[in-house]
Amino acid sequence: MTMPMMRPPRKNPVLRTRQMNLPPGARGRVALGLTAAAAEGRFELQTCEDCGTVQYPPREVCHKCLSSALRWRAQSGEGALLGSTTLHHSNDLFFRERLPWRLGLVHLDAGPTLMVHLHGEVGEAPQRVRVGARLDRAGQAVLIAFPNEGSPHMADDKMLREMTSDPKFRKVLVTDGKTETGQAIVRALVKAGADIVWVGHAEPWKKMGDGLDDISALPQVTLVPLDLTNGRRVTELAGSIGGKVDIVINNAEVHRTFGIGARRGTDVAKAEMDINYFGLLRLAQEFGPALKGRSADGETGATAWVNLLSIYALSNFPPHGTFSASKAAAHSLAQCLRAEMRPAGIRVINVFPGPIDDEWNQHTPPPKLAPTTLANAIVKALRDGVEDVYPGDVAQEWLERWRDNPKVLERELAAGG
């Protein structure tokens with residue numbers, strides 16, 4: 001049984017902040033299929049379409065019939081633990097700082113035998129286990145064996161916390177608390193055990209609404225003025241709390257309907273880009289270096305950056321054309337941010353919801369995503385350590401159609417479907 005994680009002691013400011021040493025990250029191109037699945041929370045292995053063999057490690061051809069017709073298929077991960085060992089010495093800097101470290105050999109019911117990391121609740125062999133894929137601090141897929149029945153505090157396992165971004169006891173910045181979505185995110189973070197939640201709100205001189213009043217009454221919540229269109233204000237806030245933030249959740253956005261011909265001028269499109277794209281850029285320039293510098297700062301060091309994007313970023317939705325374009329630009333920028341954050345072990349999580357049940361989607365027919373559902377999906381993504389999340393039925397359907405044929409999806413959306 002995993003013991004509940006206790007609140008870490010406050011850091012001694014005299015001590016030098018540790019720098020991140022990443023685990024070995026070299027992978028061949030074929031093996032990146034395992035990483036791509038793990039980034040979305042799936043455990044997949046290569047399956048031969050000619051003879052049906054499931055194989056590991058990944059190869060260019062089937063090891064049984066030499067066919068190149070290999071496809072990545074989801075696996076249950078059920079199997080038997082054959083043996084285990086505990087490392088007390090390692091020449092690798094990442095593991096040397098985290099010893100002892102348990103490894104095991106698991107024979108999957110699907111066929112392959114795998115060398116895996118062992119969750120702390122997995123006992124000695126023989127026993128049944130469930131293998132899952134997670135991203136390590138280098139952003140590469142690793143395999144972990146879990147017990148079939150775990151305790152309520154499984155997520156507090158020290159090894160597993162290295163593979164996730166659990167908000168428990170961490171300090172979080174939510175960039176916009178004035179929206180119902182932002183308020184739902186704050187409540188979900190508090191419920192998940194966040195230590196401090198800084199909640200940004202633009203135009204603080206305006207009277208606060210009931211929702212903002214409610215969350216500001218929570219003992220973990222501190223309101224901070226934050227206007228992503230004002231670079232100076234972003235810089236000032238980063239100077240004030242940037243060295244304390246462990247997780248940034250950028251949910252600030254401007255969402256307007258219509259496309260190109262139904263609106264005169266470029267003012268609305270500029271406003272969307274100023275928040276949805278340039279706002280992210282300003283935030284990343286100011287808070288990114290601070291997060292990178294604290295990624296190895298103990299059990300609750302800086303760990304993640306979350307961007308609230310839109311499923312419209314994958315393919316333009318003409319009734320929300322300029323908004324779609326701004327989110328597509330933000331998506332591209334977030335990929336750059338992910339590449340720059342990876343050497344420090346900071347995970348960048350992109351969230352692609354369908355239409356949210358808010359004021360800008362009042363005339364959009366159901367199904368729509370409830371703010372609470374979106375907030376819970378973000379917290380789950382942090383706990384699971386994934387990179388890309390598509391919450392809701394609409395987002396899942398769009399994603400499936402986009403992966404099947406992006407050009408067909410574009411034509412369908414242009415025709416209103």
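Which residues line the second largest cavity?

Everything here comes from a predicted model, where local features need pLDDT of at least 70, side-chain atom pairs count only at pLDDT 80 or more, and totals for chains, interfaces and linings use all residues. Residues are numbered from 1 along each chain as its sequence is written, and side-chain values use heavy atoms, with hydrogens and water left out.

**View 1. The second largest cavity.** Its lining is made up of Asp136, Arg137, Ala138, Gly139, Arg338, Arg342, Gly345, Ile346, Arg347, Val348 and Glu387. By class, that lining splits into three nonpolar, two polar and six charged residues (Ala, Val, Leu, Ile, Met, Phe, Trp, Tyr, Cys and Pro count as nonpolar, Asp, Glu, Lys and Arg as charged, and the others, Gly among them, as polar). The volume is about 70 Å³. A cavity is a set of points, on a 1 Å grid over the protein atoms alone, where a 1.4 Å probe fits but cannot get out; a pocket is an open set with protein on both sides within 12 Å along at least five of seven lines; lining residues have an atom within 4 Å of a point. Volume is the space filled by probe spheres set on the points, which are joined across faces, edges and corners.

**View 2. The largest cavity.** The structure has three cavities of 30 Å³ or more, and the largest holds about 80 Å³ of space. Among the residues lining the largest cavity are Glu253, His255, Tyr312, Phe323 and Asn361. Six nonpolar, four polar and two charged residues make up this lining.

**View 3. The largest pocket.** At about 1,600 Å³, the largest pocket is lined by 50 residues, with Asp297, Gly298, Glu299, Thr300 and Gly301 lying nearest its centre. Sorted by class, the lining has 16 nonpolar, 11 polar and 23 charged residues. Helix H3 (158-161) and strand E5 (101-108) each supply at least two lining residues, and H3 gives the largest share, three residues. Helices (H or I, at least four residues) and strands (E, at least two) are DSSP runs, numbered from the N terminus.

**View 4. Helix H8 beside helix H9.** H8 (residues 278-293) and H9 (residues 321-341) pack at an angle of about 15°, with their axes 12 Å apart. That makes H8 roughly parallel to H9 (angles under 35 degrees count as roughly parallel, over 145 as roughly antiparallel, 65 to 115 as roughly perpendicular and the rest as oblique). Axes are lines fitted to C-alpha atoms, for helices over the stretch in contact, and angles run from 0 to 180 degrees between N-to-C directions. On the H8 side, Leu280, Leu281, Ala284, Gly288 and Lys292 do the meeting, where contact means heavy atoms within 4.5 Å. The contact of H8 with H9 counts eight nonpolar, one polar and two charged residues.

**View 5. Helix H6 beside helix H8.** The axes of H6 (residues 231-241) and H8 come within 9 Å and cross at roughly 25°. So H6 is roughly parallel to H8. From H8, the residues that meet H6 are Arg282, Leu283, Glu286 and Phe287.

View 6. Most residues other than glycine have a negative phi, and most peptide bonds are trans. Alanine 125 and proline 126 are joined by a cis peptide bond, with omega about 0°. Another cis bond runs from proline 366 to proline 367, with omega near 5°. Leucine 66 has a positive phi, near 65°, and sits in the loop between strand E2 (54-55) and strand E3 (70-74).
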